[in-house]
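Hello,

Here is the structure I promised to send over. Please have it open while you read, as my notes follow below.

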Amino acid sequence: MIYVRREYLRSICCSRIFIYQILYANPCHNYYPYSKIFSNCTRSALDFPCYLHQIDNWWNPKQLSTLRTQIELNSYKYTQLSFYYSYSSGAFRSFKKRVRKRLKTIAKPCLNEAQFHRAISGLLPRFSAGELCEVLNLQVDPVVCLAIFNWASQQPRFRHDVLTYHITIKKLGAARLYDEMDVVVEQLLSKPNIGSEALYNTIIYFLTEARKLTRAAIIFKHMRSCSTLDCRPSIRIYNILFAAFLSRRSDSYINHMYMATIRSLFKQMVNDGIEPDTFSLNSMIEGYVLSLHVNDALRIFHQMGVVYNCLPNSRSYDYLIHGLCAQGRTDNARKLCNEMKRQGFVPSSKSYNSLVNALALGGEVDEAVSYLWEMTEKQRSADFITYETVLDHMSKQGRKQDVMSLLKELREKDRLDGHTYQKLLLVLK
């Protein structure tokens with residue numbers, strides 16, 4: 001326990017050196033606000049916001065010794081204070097994100113001057129765009145590539161073409177230098193005569209990787225407004241946008257909000273005369289399932305091969321089986337699974353796990369056990385929750401002997417490892 005004088009606490013904790021040590025010296029640790037870490041202290045000690053950090057090896061021992069000496073000399077004026085020690089993974093993620101952003105800003109890559117001068121020395125006085133492309137392709141360092149691109153922009157009688165923009169943007173995007181890439185993109189948008197579908201596809205792909213969806217939508221609108229047909233969006237760019245909007249699969253609320261955008265984007269694609277492919281229709285099915293609109297997903301599924309010239313694949317069935325099981329519609333999920341097997345597809349582990357869990361929760365334990373053996377025979381792995389659900393509901397039906405015999409049989413056939421077997425025994429007890 002450390003004692004800190006109340007009126008001196010602000011000056012101690014808010015000095016420039018102390019703030020640097022807290023915010024930058026060890027950004028991997030978690031920080032807790034004063035309201036959660038003060039213990040047995042008066043209200044006056046909580047009148048200011050201050051983030052405190054654990055005293056660890058990174059602290060200078062001399063500074064710590066000096067601080068303790070000052071505290072001991074004036075101990076009668078100090079309030080009890082605890083430096084909280086924790087490595088909780090969920091605390092203050094936004095704070096750590098800001099710290100990482102500051103560190104990233106400080107640690108920007110520097111230009112290799114020697115490599116830059118070596119590269120431009122190989123160019124002729126009046127080089128062409130093709131010769132510049134060869135030099136840019138040879139550069140491994142994206143910062144050097146950007147420096148060469150900017151240097152070429154300042155040369156008289158030289159104009160960049162589609163290839164020079166494409167190479168530079170691709171190298172910057174692959175290195176995740178998104179801010180620098182955005183500057184080059186702004187220069188490109190100011191030149192209406194330069195552009196191609198492949199170039200805009202690359203830009204939108206890296207913008208979606210950086211989660212700059214608004215910026216990607218602006219580039220997409222710019223593509224649609226282009227007068228040349230070579231720059232108009234194709235099925236590839238729509239699929240990139242579909243994948244970007246569906247990348248947050250764990251949050252059904254976010255998927256519900258994005259589904260309206262995906263639906264309007266799909267409608268726009270059809271109105272522009274672009275024929276959807278299997279990936280596009282699977283994206284619609286997945287989006288509807290993730291946003292809990294399973295009936296709309298079934299409507300898209302039944303239109304495949306009838307309205308649209310593409311047939312469903314295994315992913316189409318897997319999305320729907322999982323969505324139907326999540327809503328407890330086991331009869332429909334079972335029929336779809338049987339249809340999938342008749343088409344020559346093998347359900348995925350996720351589909352089998354969803355179906356076995358839904359059947360067990362619905363009281364059809366024997367049917368669940370049948371599908372459980374079927375998935376193990378087809379080399380599909382069942383997770384711990386699936387085993388636990390089946391055995392637990394079998395036990396609730398009073399079939400203790402069947403539970404132990406099934407568990408023993410699974411162990412003898414090497415369907416369970418030793419750790420999972422012992423864990424299931426503990427749960428059943």
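Let me start with a pair of helices: α16 and α17 cross in a left-handed way, meaning that the near helix is turned anticlockwise from the far one by less than a right angle (clockwise would be right-handed). The contact is made by Val 294, Ala 297, Leu 298 and Phe 301 of α16 together with Ser 316, Tyr 317, Leu 320, Gly 323 and Leu 324 of α17, where contact means heavy atoms within 4.5 Å. The axes of the two helices come within 10 Å and cross at roughly 155°; these axes are lines fitted to C-alpha atoms, for helices over the stretch in contact, and the angles run from 0 to 180 degrees between N-to-C directions. α16 and α17 are therefore roughly antiparallel to each other (over 145 degrees; under 35 would be roughly parallel, 65 to 115 roughly perpendicular and the rest oblique).

Before going on, some ground rules. This is a predicted model, in which local features need pLDDT of at least 70 and side-chain atom pairs count only at pLDDT 80 or more, while totals for chains, interfaces and linings use all residues. Residues are numbered from 1 along each chain as its sequence is written, and side-chain values use heavy atoms, with hydrogens and water left out.

Now the overall picture. The protein has 23 helices and 2 strands, which are DSSP runs numbered from the N terminus (helices: H or I, at least four residues; strands: E, at least two). Of its 429 residues, 43% count as buried, that is, under 20% relative accessible area, with exposed being over 50% and partly exposed in between (1.4 Å probe, protein chains only). Among contacts with a separation of 6 or more, 64% come from residues 24 or more positions apart.

Back to α16, which spans residues 294-303. Which of its residues are buried? They are Val 294, Ala 297, Leu 298, Ile 300 and Phe 301. These five cover an arc of only 160° around the axis, so they sit on the same side of α16; the arc is that of the directions from the helix axis to the C-beta atoms. Asn 295 and His 302, on the other side of α16, are exposed. The buried residues pack against α15 (278-290), α17 (314-326) and α18 (330-342). Gly 305, which follows α16, has a positive phi, near 85°.

Met 394, in helix α21 (residues 384-396), has a relative accessible area of 3%. Val 365 is 29 residues away from Met 394 in sequence, yet their C-alpha atoms are 6.4 Å apart. Leaving out residues up to four places away in sequence, Met 394 touches Val 365, Val 369, Arg 399, Asp 402, Val 403 and Leu 406. Ile 262, in helix α14 (residues 252-271), is buried with a relative accessible area of 1%.

Best wishes
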